[in-house]
Amino acid sequence: MPALYAGFGCRRGCPAQVLETLLRQALDNHGLTFGALRGIASITLKADETGLLQLASTLALPLVLYDAAQLLQYEPQLSHRSAFAYARSGCWGVAESAALALASQHQGQARLLQTRLTLGPATLALACAE
């Protein structure tokens with residue numbers, strides 16, 4: 001089972017249940033379980049986001065946060081570039097960039113296993129090592 005890293009983007013106040021549902025959907029798409037996850041990541045702007053903090057606690061996984069400058073380096077690997085996300089956060093895609101950043105930090109060269117998925121106010125991507 002590959003080590004997976006989930007990246008999340010979300011609007012303010014996004015409930016943990018929405019994030020968990022989105023994560024379950026992404027894992028199911030690939031026949032994987034929560035046991036494959038090694039960490040979740042987002043942008044530093046989400047440091048106080050209750051839903052993300054609750055999800056990390058529920059899954060007993062670290063929540064790793066990156067600033068926009070750290071996430072920008074992953075722009076060439078993104079499947080989707082959002083001008084809205086860039087205007088709000090300073091990076092072109094929080095979920096995919098954060099997943100790639102965390103996988104790279106732990107495994108070296110990373111690739112997206114699940115490109116950007118959206119559910120209401122949340123986005124998610126999964127990354128793993130090459």
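A salt bridge is taken here as a side-chain nitrogen of Lys or Arg within 4 Å of a carboxyl oxygen of Asp or Glu. The model is predicted, so local features need pLDDT of at least 70 and side-chain atom pairs count only at pLDDT 80 or more, while totals for chains, interfaces and linings use all residues. Residues are numbered from 1 along each chain as its sequence is written, and side-chain values use heavy atoms, with hydrogens and water left out.

**View 1. Salt bridge between Arg81 and Glu75.** The closest N and O atoms of the pair are 2.5 Å apart. Arg81 is partly exposed, at a relative accessible area of 38% (buried means under 20%, exposed over 50%, partly exposed in between; 1.4 Å probe, protein chains only). Glu75 is also partly exposed, with 25%.

**View 2. Salt bridge between Glu49 and Arg12.** The N to O distance is 2.6 Å. Glu49 lies in the loop between strand E2 (37-43) and helix H2 (50-59), and Arg12 in the loop between strand E1 (4-10) and helix H1 (16-29), so the pair ties together parts 37 residues apart in sequence. Helices (H or I, at least four residues) and strands (E, at least two) are DSSP runs, numbered from the N terminus. Glu49 is buried, with a relative accessible area of 3%. A network of salt bridges links Arg12, Asp48 and Glu49.

**View 3. Salt bridge between Arg24 and Glu20.** The side chains meet at 3.0 Å, N to O. Both residues belong to helix H1, four residues apart, a separation of about one helical turn. Arg24 is partly exposed, at 38% relative accessible area, whereas Glu20 is buried, at 18%.
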